[in-house]
Amino acid sequence: MSDYQNYFKGSPLEVKVLTRRVGVPNSTSIDVYLEHDGYKALKKAFEMGPDAVINEMKNSGLRGRGGAGFNTGMKWSFVPKQSARPKYVVCNADESEPGTCKDRPLIEFDPHQLLEGTIIAGFAIGSHQGFIYTRGEYRYLIEILDRALEEAQARGFLGKNILGSGFDFELSTHTGAGAYECGEETALLNSLEGLRGYPRIKPPFPAVVGLYEGPTIVNNVETLANVSHIILNGAEWYAKLGTPKNGGTRLFCLSGHVSRPGVYELPMGFNLRRMIEEVGGGVPGGKKLKAVIPGGSSCPVLTADEIDVAMDFDSVAKIGSMLGSGGVVILDEDTCMVKMAHRIMKFYAHESCGWCIPCREGTAWLKSLLGRFHAGGGHEEDVDTAMDVSMNMLGKTLCPLGDAAAMPTISILKKFRSEFEEHLKLGYCPYETKAVAAA
Ligand SMILES: Cc1cc2nc3c(=O)[nH]c(=O)nc-3n(C[C@H](O)[C@H](O)[C@H](O)COP(=O)(O)O)c2cc1C
Ligand code: SF4
């Protein structure tokens with residue numbers, strides 16, 4: 001199996017835009033990139049001019065792939081045209097949301113696609129410096145990116161007077177120390193400035209006051225990887241790939257209890273049931289589906305009855321969850337949802353930066369309550385207490401990590417309350433017993 005097949009398992013239902021060069025020999029080299037339409041969009045962007053580029057982005061319906069799903073062109077349009085301070089473009093390559101593994105292979109197998117999108121973003125907002133921020137554990141990506149940056153510089157796609165356009169742009173990589181919180185855009189900017197990765201209070205938003213207090217756009221890897229395709233093929237073409245206000249394709253990362261786990265590029269709005277059954281090959285061993293986390297561990301879980309949903313931002317929001325970062329985690333009938341809630345909370349308690357009390361204390365309390373409950377030491381009042389603590393985190397923290405911890409917990413407490421009651425009645429975890437008895 002080639003390296004890329006570790007991630008990309010392939011499906012005839014895929015629509016390949018961002019992944020079209022994956023699998024081409026030497027896909028990381030600039031020569032191969034140039035043979036496959038590379039840097040043509042940059043030339044076209046220079047001909048169009050910054051305002052037209054931003055309009056094209058707005059009309060394409062591209063929404064941020066980092067989690068929040070904000071319209072990318074709109075975000076770029078918030079950057080003031082005139083600024084006393086330098087403007088910056090920052091690519092968020094921190095990818096740390098559990099269940100998400102699509103930014104890494106995009107960089108690993110097609111780094112120039114990201115570079116081209118980032119340079120176009122710089123041109124559109126009038127920035128002359130950009131950074132690609134990634135966690136320290138992804139050192140192998142830094143090596144790939146640095147090689148690509150050298151190639152782009154040598155061929156005149158970076159540096160002074162790019163392609164004779166009069167536009168100058170420098171781009172470099174930067175590693176963080178590996179904290180989930182440093183993926184939050186303002187904590188990332190602090191980390192990039194050499195400060196501790198605490199988030200900043202918003203507003204002001206980074207588009208107005210960002211890196212070194214200059215106007216800054218922060219965009220996810222997958223978001224920026226889309227840019228060259230939109231410029232080259234047009235907003236209308238891109239918008240039509242998806243659903244209204246949700247343009248393009250999306251990289252969905254299928255993991256958990258699914259026969260063919262992997263990263264699949266599917267049109268926005270692809271039906272979740274078909275994604276699990278036809279793309280991922282269904283739940284292995286003929287087992288029944290119990291639940292799905294549709295967009296990374298921060299999202300409220302869906303039950304097996306809720307999977308006839310179009311996987312776009314608005315449709316998933318309508319049923320009370322989020323498309324998030326594209327990490328689709330599939331859970332079969334043997335999954336203990338109490339254990340799942342505990343496992344998720346262990347992650348958030350570990351990753352809380354500790355700055356605000358509802359998150360710092362709430363995640364720690366919930367971790368210990370859920371752990372005790374799962375081990376058979378639950379009390380009748382625990383479920384209500386857990387709900388109360390979660391509700392006191394929701395919307396009451398300095399950054400969205402508190403919400404990210406509360407939301408999946410609330411959904412599990414509400415939708416799988418019977419599993420908590422069963423633990424309470426038995427005094428042990430019914431799923432653990434089954435597993436022990438079967439062994
Ligand atoms: C705790 C936390 C962690 C985050 N981690 C990431 C991340 O690893 N990668 C990412 O692109 N966005 C992450 N985000 C979202 C960013 O704050 C920001 O919305 C995103 O980078 C904007 O880019 P986009 O508009 O292209 O999605 C995180 C947000 C929070 C609250
Ligand atoms: S919500 Fe959590 S991660 Fe965010 S600032 Fe508060 S303590 Fe830190």
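In the predicted model, a polar side-chain atom of asparagine 219 lies 2.9 Å from an oxygen atom of ligand 1, and a polar side-chain atom of asparagine 220 lies 2.8 Å from an oxygen atom of that ligand; a polar contact is here a pair of N or O atoms within 3.5 Å. Glutamate 95 contributes through its backbone, an N or O atom of which is placed 3.2 Å from a ligand 1 oxygen.

The shell around ligand 1 comprises 19 residues, with Gly66, Lys75, Asn92, Asn220 and Thr223 the closest (a residue is counted if one of its heavy atoms lies within 4 Å). Strand β4, residues 216–220, gives the most to this shell, with three residues (strands being DSSP runs of E of at least two residues). By class, the shell holds four nonpolar, eight polar and seven charged residues, where Asp, Glu, Lys and Arg count as charged and Gly is among the polar residues.

Around ligand 2 there are 13 residues, of which Cys353, Trp355, Cys356, Cys359 and Cys399 come nearest. Eight nonpolar, four polar and one charged residues make up this second shell, Cys and Trp being classed as nonpolar.

Residues are numbered from 1 along each chain as its sequence is written, and chains are lettered from A and ligands numbered from 1 in the order in which they are written. Local features need pLDDT of at least 70, side-chain atom pairs count only at pLDDT 80 or more, and totals for chains, interfaces and linings use all residues, while side-chain values use heavy atoms, with hydrogens and water left out.

Methods
Polar contact = N/O pair within 3.5 Å; in protein donor to acceptor, adjacent residues only side chain to side chain. Helix = DSSP H or I, 4+ residues; strand = E, 2+ residues; numbered from the N terminus.
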